[in-house]
Amino acid sequence: MTIFVGLGNHESKYLDTKHNVGYWVLDSFAEKYGLEFKPGKGNYFVAKKGSSFMLIKPTTGMNNSGAIINEVLSFYKAKKEDLVIIFDDVDLPLGEIRFRTDGGDGCHNGMKSVLKYVSSEKINRLKVGIAADDYKRPSEKYVLKPFNKRYHCLLYTSPSPRDKRQSRMPSSA
């Protein structure tokens, strides 16, 4: 079973920020397959598609995203090779995606946490580009802001993106 882990911050003040792209990708999967996120057996939400794949949203905060990885692997009797970590990348142009099977953290604190907890750089990852033409350093400030409204047509399929994303998180989030 493939386990997709979308990195993001579950607090409502972060839902619209660029740093939540990992959550947004999982929301799209869940919507496409008619899945609902439910509380997991730890600090995460889970949505499953039978035995083919599952979606995991850590609720530990971006910088501690890796804390739940080993408990998820243990509970679902999975291997780290079954993981695909999905996260934002400020070094990729907006909308570009890049898949890697190993490598460093790319200065991404969420990925740094994942690598720390699995004790390996051999982890599948899907990076989603968030660098729009308004990108300015420092990245820490850029990723914690919403996208400029002119990009919404590229990012959202609903006129109310916040409501759509919130509907994918259980009310206990």
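Ground rules. Residues are numbered from 1 along each chain as its sequence is written, and side-chain values use heavy atoms, with hydrogens and water left out. Because the model is predicted, local features need pLDDT of at least 70 and side-chain atom pairs count only at pLDDT 80 or more, while totals for chains, interfaces and linings use all residues.

Confidence, then. pLDDT is the predictor's confidence in each residue, from 0 to 100. The protein chain averages 82, and 77% of the residues score at least 70. Where is confidence lowest, and where is it highest? The lowest value is in helix α6, residues 161-166, at a mean of 43. The highest is in strand β1, residues 2-6, at 97. Over residues 157-173, pLDDT stays under 50. The model has 33 contacts for that stretch beyond four places in sequence, a contact being heavy atoms within 4.5 Å. Where pLDDT is low, the predicted coordinates should not be read in detail.

Next, the sheet. Elements are DSSP runs numbered from the N terminus: helices are H or I with at least four residues, strands are E with at least two. Strands pair if DSSP finds at least two bridges between them. Seven strands form an open sheet here, and the pairing is mixed. The order is β2-β3-β4-β1-β5-β7-β6. Which strands sit at the edges? β2 and β6 (97-100) do, each pairing on one side only.

Let me take the β2 end. β2, residues 38-39, runs antiparallel to β3, residues 44-49, and two bridges join them. K38 has V46 of β3 as its bridge partner. The hairpin between β2 and β3 passes through four residues. β3 then pairs with β4, residues 53-58, over six bridges, again in the antiparallel sense. There, F45 has K57 of β4 as its bridge partner. Three residues lie between the strands of the β3 and β4 hairpin, and G50 takes a positive phi near 55 degrees.

Now the helices. Several α1 residues are buried, among them V21, W24, L26 and A30. Buried means under 20% relative accessible area, exposed means over 50%, and partly exposed falls in between, with a 1.4 Å probe and protein chains only. After α1 comes G34, with a positive phi near 65 degrees.

α3 runs over residues 109-118. Its buried residues are G110, M111, S113, V114, L115 and V118. What do they pack against? They pack against α2 (69-75), β5 (83-93) and β7 (124-131).

That leads to the cores. A nonpolar core is a set of buried Ala, Val, Leu, Ile, Met, Phe, Trp, Tyr and Cys residues joined through side-chain atoms within 4.5 Å. The largest has 20 residues. I3, V5, I56, I69, L83 and I85 have the most contacts inside it. β1, β3, β4, α2, β5 and α3 each give two or more residues to this core. α3 gives the most, with four. Look at I3: leaving out residues up to four places away in sequence, I3 touches M54, I56, V72, L73, A78, D82, L83 and V84. A second, separate core has 18 residues, including V21, W24, A47 and I130.

Last, loop residues to check. Most residues other than glycine have a negative phi. K77 is not a glycine, yet has a positive phi of about 50 degrees. K77 lies in the loop between α2 and β5, and counts as exposed because its relative accessibility is 74%. S119 follows α3, and its phi is near 55 degrees, also positive in a residue other than glycine. S119 is in the loop between α3 and β7. At 66% relative accessibility, S119 counts as exposed.

S120 is in the loop between α3 and β7. Buried or exposed? S120 counts as buried, because its relative accessibility is 15%. A polar atom of the S120 side chain lies 3.0 Å from the backbone nitrogen of K122. Beyond neighbours within four places in sequence, S120 is in contact with K80 and L115.

Conventions:
Polar contact = N/O pair within 3.5 Å; in protein donor to acceptor, adjacent residues only side chain to side chain.
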